[in-house]
Amino acid sequence: MLAIGIVMHHLSEKTTDAEVIFHQMVHAGYLICAVFFFLSGYGCTLAYNHKGQNYIRNFQRHRVLYIAILFLFTSAVYAVFYVAIGQTDTLIRIVKALPTGSTVAMNSWYVVVQMLLYEGFYVAFKPAGLKPSTRILIVAGFTTLIAWIFSLRGFGSVWYLSNYAFVAGMICAQYLPAVNRLLRNHYGVTVAVALLGFALFSALPGLMANRGINTEVGGFLSVNHIARYLSSTAFVGVVVVGLYKIRFRDSWWGKIGIISLEIHLLHGMVYTF
């Protein structure tokens, strides 16, 4: 379902303001990616808690290597595709812009960031005996470090707006019993807080700008960026609590989910035309 949302977001970038409803999806990309990152952080932490160091021993091969191979293969497919449709100049321009955040496979920044977050997770969980809170802090620090590097290199903010949701997923998995108790005992309040947080952090830059405050100063630590880090994480909270009592059983949504990464990587070729 999230993969379909990403496809709609990228298609909405081809629409105009006149197409009001569909065009609003243009603002939702980093929010949907935040949910992907949350699920990744949640799944990795839950798997480690169940399997321990055995999970880490095979982590690079099972998690990182598969994505790296898929990323390289997809980039090669895109390169052939650009040549086949007579856009060799476009391909050359993209390759020259690789040091500033361009990717041959359209919108594949997400995959690169996912691999980096996996590496941060591996570094934090490889040493045995660390406290869970220490591991989470290491990944949070690593996430901040890559955001800083991306900002210095002139990468678009899309490369780091959603990444802290990965840390939120780790926290949720690590303290899952407490999260379940909170949702069971205070579900309505939790929903209200999540919605309020999302609305507040989404509106904050605009409210401050209306008062003449420059929210763009500070690079990746500007008020505008921090508000979007928080709004994307709060959006994840809205999704999680909103779907808490829903169970998706065998359906075509599940079948799409199996190939969601492939959909994300390859769908750009469709709307290039």
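A residue counts as buried here when its relative accessible area is under 20%. Keep that cut-off handy; the model you have open is a predicted one.

**Stop one: color by confidence.** The protein has an average pLDDT of 81, and 79% of its residues score at least 70. Select helix α8, residues 132-152, where confidence is highest, at a mean of 95. Then jump to helix α13, residues 252-258, where it is lowest, at 40. While you're at it, pick residues 18-23: pLDDT is below 50 there, and the stretch has 8 contacts in the model beyond near neighbours in sequence. Residues 267-273 also stay under 50, and the model gives them 20 contacts beyond four places in sequence.

**Stop two: S162.** Look in the loop between α8 and α9 (164-174). Is S162 buried or exposed? Its relative accessible area is 0%, so S162 is buried. Show what surrounds it: leaving out residues up to four places away in sequence, S162 touches Y30, C33, A34, F37 and S232.

**Stop three: α5 against α7.** Select residues 59-84 for α5 and 109-125 for α7. Their axes lie 10 Å apart, and the helices pack at an angle of about 165°. Angles over 145 count as roughly antiparallel, which is why α5 and α7 get that label. Their crossing is left-handed.

From α5, show F59, Q60, R63, V64, I67, A68 and F71; they meet V111, V112, Q114, M115, Y118, E119, F121 and Y122 in α7. Color this α5–α7 contact by residue class and you get 11 nonpolar, 2 polar and 2 charged.

How values were computed: Residues numbered from 1 in each chain as written. Predicted model: local features only at pLDDT ≥ 70, side-chain atom pairs only at ≥ 80, totals over all residues. Heavy atoms only, no water. pLDDT = per-residue confidence, 0-100. Helix = DSSP H or I, 4+ residues; strand = E, 2+ residues; numbered from the N terminus. Contact = heavy atoms within 4.5 Å. Buried < 20%, exposed > 50% of the residue type's maximum accessible area, 1.4 Å probe, protein only. Axes fitted to C-alpha atoms, helices over the stretch in contact; angles between N-to-C directions. Parallel < 35°, antiparallel > 145°, perpendicular 65-115°, else oblique. Left-handed = near helix turned anticlockwise from the far one by under 90°. Nonpolar A, V, L, I, M, F, W, Y, C, P; charged D, E, K, R; others polar.
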